[in-house]
Every structure is written in C-alpha cells, then in structure tokens.
Amino acid sequence: MSVKEATGNGADIQSSPEAAAGPDDQGPGPKAKAAKAAKEDSRTDMVGKALGLLVLLGDEPRGASASELSRRAELPFSTTYRLLGSLTRDGFVDYEPEGRRYHLGLRIFQLGQRVSNHHGFAGTALPILRRVTDQTKEATILSVRDGIHHLTVNKVDGPQTFRVTSDPGHLGALHTTSVGKALVAFAEDEERELLLQELPLEPLTSHSITDRDAFRAEIEQVRRQGYAVMDEENELGMRAVAVPVFTAHGVAFASLATAVPVFRLDMEALVALVPLLQEAAAELSARLPQR
C-alpha cells in the first residue's frame with residue numbers, strides 16, 4: 001500500500017515538526033537524561049561526603065590524618081584524599097605537614113561566627129558574659145548542645161594570666177564538663193533518657209565519670225540542685241560550675257559557666273557564684289532567640 005492510499009484522500013502526509021526533526025535537533029533522550037541525573041546525583045553525593053568529613057574533623061580537636069578520616073567515614077582513601085585537597089584549597093580545612101594531619105580551617109570559623117551573630121549569641125550574649133566576668137574576675141563560658149558534645153559559642157576571659165582553653169567553636173564532652181552536665185540534666189525528657197543510656201563515657205582524666213549508674217546519679221543531683229559542677233574531670237587543674245539557660249518550657253537551650261584553676265577557688269567558693277550565674281542565665285533566656 002502506498003502512502004497516498006493509506007491517507008484515504010490521495011494527499012501526501014505532512015510530517016509534524018517533531019517527526020521532521022532529525023536526531024541532532026531533538027532534545028536529550030531517556031538515556032541522556034538518566035546519565036545527566038546520575039551525574040548530578042554523584043556530585044550531590046560528593047558534597048555530602050565532603051560535609052561528612054568536616055563533621056568528623058569537628059570531633060577531632062587535635063586533627064586527624066587522611067587514613068583515619070577515610071576509615072571513620074568508610075570512604076576509599078583516594079576519595080578522602082581528593083576531597084580533603086579540595087576542602088583545604090578553599091580554606092575549610094587546614095593541613096599540618098609536620099604531623100600530616102588535617103584540622104578545621106579558618107573558613108569554618110568564619111561561617112560559625114556568622115551563624116552565632118545571626119542567632120544573637122555573639123552580640124546579645126557578650127555584654128552579659130562580660131558583666132559576669134567583671135564580678136567574678138574569672139572566665140565565663142556560654143555553650144549549647146551539639147549532638148553528643150557541647151559547643152562553646154562565646155567566652156570572656158578573666159583578667160588573670162591563666163586562661164581557660166575552651167574557645168568559641170570548641171567541641172567538648174558532655175559527661176566531663178559542668179556545661180555539658182547542665183545541658184543533659186535539663187534536656188527534654190526523651191533526649192535526656194537517650195543520653196543517659198547511650199552517651200559515651202570515655203575518661204579524659206582520672207576524675208572523669210565512666211560508670212553509667214554514677215553518671216545517672218550525677219545528672220539527678222544536677223536536676224535537684226539546679227546547677228552542675230566539674231572538678232578536674234575534663235582537665236586536670238581546672239574546675240567549673242554551670243547553670244542552665246531555659247526556654248519558656250523549662251528546657252535548657254544553652255548553659256552558662258564560670259571556670260577557674262583549682263588553685264584560685266575551692267568548690268565552695270565556686271558554688272557561691274551560682275546565684276550570679278542564674279541571674280545572668282535568666283537575662284540570656286529573655287534576650288536570646290530560642291531554638
């Protein structure tokens with residue numbers, strides 16, 4: 001049968017623009033679209049892997065080698081090494097040639113400071129922290145919980161020559177610090193119970209609490225008395241006292257501490273500062289955005 005016969009009217013079939021278009025004029029076919037999508041997914045996946053490396057480095061204040069990060073991230077060494085190279089080039093990671101270790105870079109600190117400013121922790125909290133330090137002559141620290149760590153978001157050093165090393169951006173243990181214990185004790189009920197059951201209790205000094213029942217008893221005491229203490233559990237030669245900064249619902253969204261070397265204040269004198277800290281915490285609760 002001819003084409004003319006198939007039309008039933010003897011006229012030639014007029015091809016549509018789509019039918020007339022040759023292979024070079026058509027849009028991407030299914031295979032091309034699938035390949036493009038796979039390529040985009042691969043790029044997204046690499047971004048996720050790079051961010052995962054940054055999170056791991058955040059847990060390593062002393063830095064980590066490429067092989068250590070590769071093992072912890074469960075990535076091929078070549079992939080880890082390539083990603084670390086890109087992150088180093090852009091300032092998100094610093095490389096220490098002598099020890100062959102990677103650390104979080106200045107770019108991360110800059111972004112963190114912007115986040116802190118955006119959420120009001122820097123500008124709003126700083127005058128309050130300074131006022132506390134003016135009265136105690138010791139370091140005042142503001143922390144929030146970041147997963148199974150506490151994150152120092154602001155600190156004011158005292159006029160003394162002996163400095164506290166917990167600078168803004170520092171990630172510390174929850175179970176060995178006064179700020180961490182306060183955050184655990186006054187977390188939401190489900191969060192607190194989960195932390196009491198699963199929080200790693202690794203020793204940092206010979207005074208660190210490593211027994212789960214003892215840690216639970218410590219947190220219950222913090223809840224009863226309204227403040228937490230640290231006596232050389234996180235760092236030998238240092239002690240601290242902390243109070244929670246509450247939301248309107250009575251949950252701690254931050255904690256405020258005074259930290260001192262053991263030779264300057266005994267525990268009784270340190271605990272005597274609790275009313276001052278609680279007054280400052282109440283002001284922070286009223287002024288800071290709560291998340």
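This report covers a sheet, a pocket and a helix in a predicted model.

## Basis

Local features need pLDDT of at least 70 and side-chain atom pairs count only at pLDDT 80 or more, while totals for chains, interfaces and linings use all residues. Residues are numbered from 1 along each chain as its sequence is written, and side-chain values use heavy atoms, without hydrogens and water.

## The sheet

Six strands form an open sheet in the order β5-β4-β3-β8-β7-β6. Pairing is antiparallel; two strands pair if DSSP finds at least two bridges between them. Strands (E, at least two residues) and helices (H or I, at least four) are DSSP runs, numbered from the N terminus. β5 (171-173) and β6 (228-231) are the edge strands, each with a single partner, so one side of each lacks a neighbour in the sheet. The twist averages 35° from one strand to the next.

β4 (residues 149-156) pairs with β5 over three bridges. His 149 has Ala 173 in β5 as its bridge partner.

## The second largest pocket

This pocket has a volume of about 920 Å³, the space filled by probe spheres set on grid points that are joined across faces, edges and corners. A pocket is an open set of points on a 1 Å grid over the protein atoms alone, where a 1.4 Å probe fits, with protein on both sides within 12 Å along at least five of seven lines; lining residues have an atom within 4 Å of a point.

The lining has 35 residues. Leu 171, Gly 172, Ala 173, Leu 204 and Asn 234 lie nearest the centre. β3, β4, β5, α8, β7 and β8 each give two or more residues to the lining.

## Helix α12

Buried residues in α12 (274-287) include Val 274, Leu 277 and Leu 284. Buried means under 20% relative accessible area (1.4 Å probe, protein chains only).

Note on methods:
The expected span of a helix is 1.5 Å times one less than its number of residues. Buried means under 20% relative accessible area, exposed over 50%, partly exposed in between (1.4 Å probe, protein chains only). Axes are lines fitted to C-alpha atoms, for helices over the stretch in contact, and angles run from 0 to 180 degrees between N-to-C directions.
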